[in-house]
Amino acid sequence: MRPGRWLRAIVACALVAAAAACESSSTRPVGTPSPTSPAPAVTKRLLVVTHTTGFRHTSIPIAESTIQDLGRRSNLYQTDFCRTADDVTRMLTPAELARYDAVFFANTSGNLGIPDLRAFVAWVSSGHGFLGTHSASDTYHDAPEYLDMLGGEVATHGSIAEGNIRVDDPADRAVAHLAPRFTIVDELYRITRLNRADVHMLLSIDRNPDDGLGTPGASVDLPIAWRKSVGTGRVFYTALGHREEVWQDPRYQQHLLGAITWALGE
């Protein structure tokens, strides 16, 4: 190729490349990563505990898969599981907990056998996250340090029923999508050992459900979900989550993801 043609070919290629770049940038919103940009690395670690020594919910397998899937879809956290008594003994120690940012008690029950429960509570209060669903309040009934950290304890419940639930803080990301009220069918706990002044209430029931306890429709104050600070740690609890169908409900999943995001300090 003659020098003149060679130079013209280079210029033509440069113009084509520049036009393609302009077209690409004009069709992609500012700040949007290119399709080949890798997703940010996941830096948060969540330990999900599902060991039980009391009642064991059939919803636990779907609870595990739901929590893990939320982490994958949001790219917010990596999930590990603590499922057995041996796992509890090995994983819920100060040395092992140093690997995690938060712990999630997903429908645990009874005395789990944590080697040093006071050290576990101290780990939470030192700036880590704790989340509990449903029967996390049916766990460690004989341990005031755990119940004080959680903020409440289940006293009883009736039959499965529809609850008309009020959103106490419509601005909170764990419940904003549910405001001002929503209905859901679940096992609705009656919580004791709770002082509203000690927690930030997120969800509650103000009309008694038709579940065989008390007069249906009567005025009540039944706490359902709250968050609180413990030292510099963050604690979240929701009484919902008995049924498999609840865990599969997109509204409940968004409820949990908002709570996990907050508990992880994000």
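This is a predicted model: local features need pLDDT of at least 70, side-chain atom pairs count only at pLDDT 80 or more; totals for chains, interfaces and linings use all residues.
Residues are numbered from 1 along each chain as its sequence is written, and side-chain values use heavy atoms, with hydrogens and water left out.

View 1. A search of the whole structure turns up one cavity of 30 Å³ or more (a set of points on a 1 Å grid over the protein atoms alone where a 1.4 Å probe fits but cannot get out). The largest cavity holds about 40 Å³, counted as the space filled by probe spheres set on the points. Around it sit Leu-178, Phe-182, Ile-184, Leu-203, Leu-240, Arg-251, Tyr-252 and His-255, each with an atom within 4 Å of a point. Both β7 (181-186) and α8 (250-263) give two or more residues to this lining, and α8 has the largest share, with three.

**View 2. The buried side of α5.** Helix α5 (residues 117-125) has Leu-117, Phe-120, Val-121, Trp-123 and Val-124 buried (under 20% relative accessible area, 1.4 Å probe, protein chains only). They span an arc of only 155° around the axis, so they lie on the same side of α5; the arc is taken from the directions from the helix axis to the C-beta atoms. Their packing partners include β3 (102-106), α6 (144-150) and β10 (219-230), with contact meaning heavy atoms within 4.5 Å.

**View 3. The two ends of α5.** At the start of α5, Asp-116 brings a side-chain oxygen to within 3.3 Å of the backbone nitrogen of Arg-118. Just after α5, Gly-127 has a positive phi of about 120°.

Conventions:
On a 1 Å grid over the protein atoms alone, a cavity is a set of points where a 1.4 Å probe fits but cannot get out, and a pocket is an open set with protein on both sides within 12 Å along at least five of seven lines; lining residues have an atom within 4 Å of a point. Helices (H or I, at least four residues) and strands (E, at least two) are DSSP runs, numbered from the N terminus. Buried means under 20% relative accessible area, exposed over 50%, partly exposed in between (1.4 Å probe, protein chains only). A polar contact is a pair of N or O atoms within 3.5 Å; within protein, one must be able to donate a hydrogen and the other to accept it, and residues adjacent in sequence count only if both atoms are side-chain atoms.
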